Amino acid sequence: MRPLLVIGLILAILFEPTLMPRLSPVGGRPLLLLSVVVYYSWMRGAVPGTLFGLAIGLLADLLALNTPGLRMFGMSLVGAAVGNIWGSIYKDRTLVQWLVLALAVWLYETAVFLVGSSLDLAAYPAWFLRQILPSAVLTALVFPLLIAAWEQVTGREVSFDAERVVVRL
Amino acid sequence: MWSPVELLTWLLGLIERHRNAAVLAFALVLSLWLFNAGQAVGPPLRRLADMALGPVHTLTSNTLALLNIWVWKENSDLQEKLLNERMDRLALDEARLEIARLRLLLGFRAPAGFRTIPCMVVAMDPEPFGASITINRGTSAGLVGDEAVVSVDGLVGRIVEIYSGRARVRLVTHYESPVAVRLQRNRVLGVVEWDPITARLHMRNVPATEDVAEGDSLISSGMGQQYPEGLYVGQVEAVQLDPMGLVQDIVVRPGARFNRLEELFVVRPLVP
């Protein structure tokens with residue numbers, strides 16, 4: 001893994017439980033660790049993505065009081081799903097990144113909901129509006145905006161369309 | 001009939017042909033196994049995670065608190081609130097002295113009261129299926145591990161895991177965190193529980209004959225030994241009868257603002 005992704009992971013570990021819960025007045029919250037799983041899987045493919053999702057999911061479970069396994073389940077699924085599309089789309093477009101991050105949040109939160117609620121489908125629409133939609137919007141905004149800000153400040157272009165993050169002068 | 005070696009060879013070939021699916025299946029099965037066995041393996045794993053990341057989160061949270069630009073406005077509001085509280089306190093002191101005299105006359109034993117230990121939130125997990133926070137006080141501050149935690153606005157939760165310098169608090173907005181309560185106005189008893197699907201606190205199974213009104217205050221009853229008696233929990237937001245008309249489903253608005261938790265207090269009952 002290259003330094004930019006490591007920096008992203010460290011930021012996610014530092015700020016997901018400390019700063020991010022305070023930035024979610026409408027419900028939901030930015031899922032930084034999930035974003036890192038998405039970017040990693042996107043660059044490395046399905047198998048590394050699934051295993052990375054499993055490891056980061058375990059970390060996320062340990063940072064919470066919930067039973068371990070719930071986040072591992074969701075993030076492994078996201079790692080596999082995003083890893084499977086890694087060669088088929090152009091990853092550097094911000095719009096594509098927003099869309100994939102939002103879909104990843106939808107998949108993750110839906111998996112967590114279905115396992116956590118023992119398949120209570122009747123409650124899913126309310127859950128979608130209250131939890132999934134705000135989380136998807138907030139998550140889709142945070143990392144692409146951070147990357148865009150970094151590009152503006154340093155004058156360098158960050159590219160994900162490779163097996164590693166490429167920084168072009 | 002296949003021999004074990006043939007079966008193993010076939011299985012390895014199958015995994016090799018469907019590597020992505022095999023890895024995903026392994027990850028999902030492991031996750032679900034942990035989900036089932038979590039009550040046993042969760043606490044020791046979390047203790048390890050706290051040792052590794054707890055100090056880092058404490059440092060990050062303290063730094064963010066220093067940068068909090070809203071703290072100045074909050075400080076001004078608190079000054080005003082403090083002045084009002086002092087004036088109320090004078091009136092309450094008078095009433096307390098009168099009650100003490102009357103208790104003495106009637107031979108009643110006075111409740112012992114509480115001691116509060118201030119603490120700060122260093123990490124939050126607002127997961128709707130099980131909200132929890134980490135505070136910066138632990139066994140080194142004299143805590144034992146099952147104390148209630150409150151904010152100035154009301155009951156927040158209860159310590160469920162404790163380490164040397166930190167403790168994990170399960171919020172009342174956790175689906176496994178029921179609170180035994182009573183209505184302050186007419187002493188009706190009940191249990192308040194978080195419903196993760198509706199994202200509301202509910203006081204359920206109160207008989208339809210009981211008088212419950214919107215705006216009634218709820219305090220902890222001390223029943224069940226989970227929380228001490230007399231802590232403010234919230235107030236009644238809505239009351240409706242169940243379809244059979246036998247019991248009431250009461251929606252409770254919590255006093256504590258769970259998306260703005262920062263400075264909290266651990267409550268330790270004093271021994272009379």
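**Exercise 1.** In this predicted model, determine how the axes of α5(A) and helix α6 (residues 124-154) of chain A are arranged.

*Solution.* Two packed helices are described by the angle between their axes and the distance between the axes. The axes here come within 8 Å, and their crossing angle is roughly 145 degrees. The crossing of α5(A) past α6(A) is right-handed.

**Exercise 2.** Characterise the length and burial of helix α5 (residues 94-116) of chain A.

*Solution.* The helix holds 23 residues and spans 32 Å from first to last C-alpha, close to the 33 Å expected at 1.5 Å a residue. Its buried residues, those under 20% relative accessible area, include A:Gln97, A:Val100, A:Leu101, A:Ala104, A:Tyr108 and A:Val115. Just after the helix, A:Ser118 adopts a positive phi of about 55 degrees.

**Exercise 3.** Which residues touch the most other members of the largest nonpolar core?

*Solution.* This core has 42 residues, and those with the most contacts to other members are B:Ile133, B:Ile135, B:Leu155, B:Val156, B:Ile159, B:Leu261 and B:Leu264. Apart from this core lies another, of 41 residues, including A:Leu32, A:Trp42, A:Phe73 and A:Val82. To examine one member, take B:Ile159: leaving aside residues up to four places away in sequence, its contacts include B:Ile135, B:Leu143, B:Val169 and B:Val266, as well as B:Asp146, B:Glu147 and B:Arg168.

Methods
Residues are numbered from 1 along each chain as its sequence is written. Chains are lettered from A and ligands numbered from 1 in the order in which they are written. This is a predicted model: local features need pLDDT of at least 70, side-chain atom pairs count only at pLDDT 80 or more; totals for chains, interfaces and linings use all residues. Side-chain values use heavy atoms; hydrogens and water are left out. Helices (H or I, at least four residues) and strands (E, at least two) are DSSP runs, numbered from the N terminus. The expected span of a helix is 1.5 Å times one less than its number of residues. Buried means under 20% relative accessible area, exposed over 50%, partly exposed in between (1.4 Å probe, protein chains only). Axes are lines fitted to C-alpha atoms, for helices over the stretch in contact, and angles run from 0 to 180 degrees between N-to-C directions. A crossing is left-handed if the near helix is turned anticlockwise from the far one by less than a right angle, and right-handed if clockwise. A nonpolar core is a set of buried Ala, Val, Leu, Ile, Met, Phe, Trp, Tyr and Cys residues joined through side-chain atoms within 4.5 Å. Contact means heavy atoms within 4.5 Å.
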